[in-house]
Amino acid sequence: MPTLLRIGVSETVAYRGEFLIWMLTTTMPLVMLGLFTSVAKTGNFKEYSSADFVAYYLAILIVRNLTGSWVAWQISEEIRMGTMSMRLLRPIHPFTAIAAGHVAAIPFRAVISVPVAVILLVTSGAQSLTTDPLQLALLLPSLALSWLITFAFLFALGCLAFFVTKAMALMNLYFLLFSLLSGYLLPIPLLPHWLRVVSEYSPFRFMLSVPVELMTKAMSTTEALVLMAAQAGWAVATLGLALGLWRAGVKKFEAVGN
Amino acid sequence: MRYLRLIGVQLRISAASGMAYRSDFLLEGFGTIAWMFMTLLPLMVLFDGVEQLEGWDRGSALIVMAYFMGVRAVLVGLVSPSLTELTERIRTGAFDYVLLKPVDAQALISASRFEPWKFLELVGALVLVVYAFYSKGTVPGGGDVVLGAVLFVVGVVAMYALWIACAASAFWVVRLDNLQYLLSAIFDTARWPVQVFQGVWRAVFTFVIPVAVMTTYPAMALLGRLDAQTALATVGGSLALLVVSRIIWQIAIRNYTSASS
Amino acid sequence: MIRVQDLAKHFKVHKRPPGLVSAMRSLVRRTYETVKAVDGVSFTIERGERVGFLGPNGAGKTTTLKVLSGLLHPSTGTVDVEGFTPHKRETRFLEAITLVMGQKSQLIWDLPPAETYAMNRAIFDVPVAKFDQTLDELTQLLDLGPLLQKPTRQLSLGERMKCELAAALLHGPTTLFLDEPTIGLDVAMQVAVRDFVRDYNQRHESTVLLTSHYMDDVVELCPRIIVIDHGRIIHDGDLRGLIKQMDPDKRVSFTTTDTEPDFSKLGTVMKRDGQRFTLRVAEAEIPAVVGQLLGPLKVVDLAIEDPPLEDVLRDMFGKAKPP
């Protein structure tokens with residue numbers, strides 16, 4: 001396992017250029033930020049002040065940066081190119097192997113997140129951020145669960161490439177739903193009512209919005225704990241989905257060959 | 001003549017190609033419709049809370065959005081798939097076969113792939129324009145419609161030039177997809193009137209990566225708000241971009257044929 | 001008609017040692033190394049000839065073909081193919097030639113070959129009647145009938161190569177450049193491709209320039225062989241001439257019943273396989289040696305042959321060093 005992590009680190013270093021561009025592409029929150037600060041310049045926009053928007057979108061940027069994943073693209077590509085067969089020959093579960101590579105990239109992504117976090121603290125401070133000790137304590141576990149849900153969900157999505165020849169369309173659809181329902185595009189409370197309901201019962205909210213809510217929203221203790229329990233539940237569910245789809249996919253892979 | 005027939009054949013082949021994977025094809029269709037909805041959502045939410053923003057009311061902003069969808073339809077339906085195809089061919093070496101054909105390589109590549117479903121967005125864009133004017137309760141003047149249509153083409157040209165220039169870099173750094181993602185992310189800002197962005201951002205979106213030329217100015221033309229000077233600058237800027245991108249492409253090809261092995 | 005005069009192609013290769021530090025350094029100052037892929041090559045090929053290009057990997061065969069087909073600019077020297085300068089890639093030139101690369105595909109992956117053909121018809125602006133006629137002919141010669149409507153990705157490697165050849169010939173080129181057209185194919189398919197190329201060349205009097213790893217391709221197909229190594233031509237002529245030039249001695253093979261045979265007096269023993277021997281004997285001594293073998297030594301199954309081409313080439317490429 002340490003070796004896997006080490007290789008993951010050197011891979012990230014080797015592809016640093018692409019990695020940086022990939023990070024830069026998550027500019028959508030910045031655009032929305034620019035938009036809404038200009039909207040809230042003259043007064044609050046539905047309970048959100050200009051500072052609230054700054055805090056919200058910067059927090060989104062940080063969480064997205066730390067928990068985002070490209071594993072679905074990686075897996076479907078490996079299946080398409082036939083390199084997946086190599087993974088099947090190794091005596092380690094691909095979920096673990098690939099996860100190790102992705103965990104190894106987190107420090108580098110954290111490096112990019114730090115300046116954003118500093119800006120967030122300086123500009124927003126206590127005004128729009130939480131000071132509740134419980135919420136702060138829950139933040140780290142919540143981030144870890146967010147990462148796991150995102151990774152497992154995308155892993156499952158990647159496994160669909162075992163069943164459909166080009167899974168690209170599915171991934172575009174995923175990103176669409178994610179943008180809409182996770183709080184990436186708009187804070188969930190600003191969504192139309194029916195979408196807000198869908199969002200609250202979808203895994204997407206737990207991929208991104210929940211840690212941001214912990215950071216920026218005032219919550220009661222029960223509210224925070226219930227949110228965490230739901231997040232843990234989603235983590236178990238997506239993990240099961242990923243491993244199940246993987247097993248079914250491999251069975252088909254072995255039967256048909258590729 | 002040769003080129004016309006070629007476009008016909010490529011249209012047919014791309015449609016057939018797209019349908020080779022049926023599940024994908026249907027998903028694409030659904031995705032396109034869902035995407036149009038998603039594009040509109042933030043705007044709806046926004047104008048649910050405010051009357052107007054930097055001089056843009058809901059109806060006018062919808063027109064910018066319609067131009068965005070129109071330009072994007074050409075981008076994701078034609079330009080982007082073709083250029084992805086280009087990277088793929090450079091990587092596999094099949095690009096050599098493109099150079100061996102007696103037609104211009106840029107023309108051949110630029111139309112090498114269509115994604116028929118994506119052109120649904122063009123229809124969506126037209127519907128949106130009609131709806132926007134209906135909700136505003138106004139009718140655009142004839143001259144404005146002509147100028148708006150011309151500037152739509154100009155906007156598409158600017159977008160195309162930007163992407164070609166970016167694609168030419170595929171000859172040096174073979175992984176283009178990331179660069180394309182970056183460009184797409186920036187292009188995404190074109191859905192908003194450029195005036196809503198402040199300071200540096202507005203300058204960047206007007207001059208450096210001219211998303212304003214692609215959507216805001218054409219929309220202003222259709223609304224009858226664009227002065228002649230800006231209109232001319234829009235056309236000129238777009239053509240200049242096209243020329244520059246052609247030069248970059250030719251340098252890239254020359255480089256390719258003198259250095260590859 | 002192909003005329004090549006003093007052709008050289010040098011590549012500047014950017015050298016960069018691995019590692020982050022050297023990556024940074026190379027941003028500032030790059031070190032280059034010049035690779036002479038082709039280094040002063042001249043030859044003339046008449047219309048209708050079939051010429052084989054032989055040489056080890058990296059000898060400059062593919063580079064030469066790419067220069068001839070206009071994909072690469074020559075560094076120095078002049079190239080003339082059917083009256084055109086290839087790298088200008090004029091329309092009429094591109095209509096007159098074709099290049100088939102065994103390792104690269106121009107067929108559209110997800111669609112049947114027929115679609116690629118339709119596209120090439122549009123690109124080369126071939127009149128419908130002419131196109132139908134050519135396609136019929138190629139379908140017959142290559143036995144494409146059942147393949148035309150199958151998606152390319154479902155074709156076997158050999159089937160795909162046949163379709164690839166047809167795609168490259170639909171516009172009726174008069175000069176064919178074939179770069180490793182039989183690579184990866186099984187023997188039966190190799191023979192089929194070879195027969196097709198010969199047939200096609202004889203029917204249309206087209207010029208064929210072919211490179212191949214497989215000696216058999218070249219030997220079977222090309223009356224004239226150009227051997228290239230380290231970017232230079234080391235032989236240009238027919239097969240016999242090549243063998244004579246490189247290794248004038250004959251090979252004498254026979255089986256003996258002698259329990260303790262010793263043939264070293266007669267010639268160099270090249271090979272021994274049980275009781276079967278192969279000797280290397282100078283041409284002038286053949287009558288004497290054969291007399292000895294058939295007379296006092298009582299051997300059977302005697303055969304006199306030219307040295308095998310593979311051996312000759314191995315020797316040649318082993319010997320030829322860059323100056």
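Which residue in E7(C) is the bridge partner of Gly52(C)?

Guide: The bridge partner of Gly52(C) in E7(C) is Leu210(C). This is a predicted model, in which local features need pLDDT of at least 70 and side-chain atom pairs count only at pLDDT 80 or more, while totals for chains, interfaces and linings use all residues. Residues are numbered from 1 along each chain as its sequence is written, chains are lettered from A and ligands numbered from 1 in the order in which they are written, and side-chain values use heavy atoms, leaving out hydrogens and water.

E7 is a strand of chain C and covers residues 207–211. Helices (H or I, at least four residues) and strands (E, at least two) are DSSP runs, numbered from the N terminus. Two strands pair if DSSP finds at least two bridges between them. On one side, strand E3 (residues 50–54) of chain C pairs with E7(C) in the parallel sense over four bridges. Strand E6 (residues 175–179) of chain C also pairs with E7(C) in the parallel sense, over five bridges.

Five of the five residues of E7(C) are buried, so the strand is largely enclosed by the rest of the structure. Buried means under 20% relative accessible area, exposed over 50%, and partly exposed in between (1.4 Å probe, protein chains only). In a regular strand the side chains alternate between the two faces of the sheet. Both faces of E7(C) are covered. Thr207(C), Leu209(C) and Thr211(C) are buried on one side, and Val208(C) and Leu210(C) are buried on the other.

Now the rest of the sheet. Six strands of chain C form an open sheet with mixed pairing, in the order E5-E6-E7-E3-E8-E9. Its edge strands are E5 (97–101) and E9 (232–237) of chain C, each of which pairs on one side only. Direction ignored, neighbouring strands of this sheet are turned by 15° against each other on average. Beyond E3(C) comes E8(C) in the strand order. E3(C) and strand E8 (residues 224–229) of chain C run parallel and are joined by four bridges. Here Val51(C) stands opposite Arg224(C) of E8(C).

Between E8 and E9 of chain C there is a loop, and His230(C) is found in it. His230(C) has a phi near 50°, a positive value in a residue other than glycine. With 40% relative accessibility, His230(C) counts as partly exposed.

Helices lie across the sheet as well. Axes are lines fitted to C-alpha atoms, for helices over the stretch in contact, and angles run from 0 to 180 degrees between N-to-C directions. Contact means heavy atoms within 4.5 Å. Helix H6 (residues 157–169) of chain C lies across E5 and E6 of chain C and runs at about 160° to E5(C).

Another residue of chain C with a positive phi is Asp125(C), whose value is near 55°. Asp125(C) sits in the loop between helix H4 (113–124) and helix H5 (128–142) of chain C. Its relative accessible area of 31% makes Asp125(C) partly exposed.

Last, the chain as a whole. Chain C has eleven helices and 13 strands. Its C-alpha atoms fill a box of roughly 75 × 55 × 40 Å, taken along the principal axes. Of the 323 residues in chain C, 49% are buried, and the five residues of E7(C) are buried too. Among the contacts in chain C with a separation of 6 or more, 71% come from residues 24 or more positions apart.
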